[in-house]
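I open these entries to record what I looked up in the structure shown below.

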Amino acid sequence: MVFSGPIDDKLSLHELVMSYGDAVSRKDSNDWRDTWAEDAIWSVPNFPGLEKVEGRNQIVQKWEDAMKNYKYIVFTAHLGSLEINKNSAKGTTYTIEVSTDIEEKKAQIHGQYLDDFIKINNQWYFKKRVFSILHSAWNKIQRQFIKIFSGESMKKDLNKERQKKVSGS
């Protein structure tokens with residue numbers, strides 16, 4: 001683990017990571033938006049539609065669309081490493097997400113973000129975040145997230161599963 005750089009910047013970046021998680025947990029898109037640089041990149045390579053989302057507005061739109069599918073979510077995170085070089089920094093953030101979706105499916109995901117940060121006008125932002133799932137508590141959760149982020153209706157999938165049970169397939 002490497003943590004290098006001025007203590008004030010370390011604290012500000014820690015607060016940025018915590019503010020991101022708090023905004024997710026409260027489903028507050030305005031506060032979540034404020035963590036991203038204008039020209040940021042958000043990448044979740046395993047999920048169609050999120051392989052590379054560019055620009056704060058597009059990132060927030062994708063996130064808002066996904067959050068409509070959750071009744072409840074808690075997102076916690078901590079920095080595993082942080083290297084600050086003047087107005088830029090790189091770090092690793094480990095995450096735990098616990099959620100209940102609109103279909104009452106519960107999930108727990110442990111993940112990792114590889115982060116690039118940028119300091120603009122004495123304020124730190126996410127410049128680039130690349131997410132990987134390290135562990136999920138349910139095998140179906142990755143498929144479920146793919147459907148959420150690609151715009152497929154979870155209700156449609158649930159109806160298909162019910163029809164299979166009824167027809168015995």
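**Entry 1: the sheet.** Before reading the sheet I note the rule that two strands pair if DSSP finds at least two bridges between them. I also note that the model is a predicted one. With that rule I looked up the strand order: 7 strands form an open sheet in the order 1-4-5-6-7-2-3, and the pairing is mixed. I then asked which strands stand at the edges. Strand 1 (3-4) and strand 3 (53-54) hold those places, each with a single partner strand, so one side of each has no neighbour in the sheet. I followed strand 3 to strand 2 (residues 36-43) and found the two paired in the antiparallel sense over 2 bridges. Ile 41 is opposite Glu 54, which belongs to strand 3.

**Entry 2: the chain as a whole.** I looked up the elements and found 5 helices and 7 strands in the chain. Read from the N terminus, their order is β-α-α-β-β-α-β-β-β-β-α-α. The chain has 169 residues, and buried residues make up 41% of them. I also looked up contacts with a separation of 6 or more: 56% of these in the chain join residues 24 or more positions apart.

**Entry 3: Ser 29.** Is Ser 29 buried or exposed? Its relative accessibility is 16%, and buried means under 20%, so Ser 29 counts as buried. I then asked which residues Ser 29 touches, leaving out those up to four places away in sequence. The answer is Val 60, Trp 63 and Glu 64. With Glu 64 there is also a polar contact, made from side chain to side chain at 2.8 Å.

**Entry 4: the largest pocket.** I looked up which elements supply at least two residues of the lining, and found helix 1 (7-26) and strand 7 (123-136). Helix 1 gives the most, with 7 residues. By type, the lining of this pocket divides into 2 nonpolar, 5 polar and 7 charged residues.

Definitions and conventions. Residues are numbered from 1 along each chain as its sequence is written. This is a predicted model: local features need pLDDT of at least 70, side-chain atom pairs count only at pLDDT 80 or more; totals for chains, interfaces and linings use all residues. Side-chain values use heavy atoms; hydrogens and water are left out. Buried means under 20% relative accessible area, exposed over 50%, partly exposed in between (1.4 Å probe, protein chains only). A polar contact is a pair of N or O atoms within 3.5 Å; within protein, one must be able to donate a hydrogen and the other to accept it, and residues adjacent in sequence count only if both atoms are side-chain atoms. Contact means heavy atoms within 4.5 Å. Helices (H or I, at least four residues) and strands (E, at least two) are DSSP runs, numbered from the N terminus. Ala, Val, Leu, Ile, Met, Phe, Trp, Tyr, Cys and Pro count as nonpolar, Asp, Glu, Lys and Arg as charged, and the others, Gly among them, as polar.
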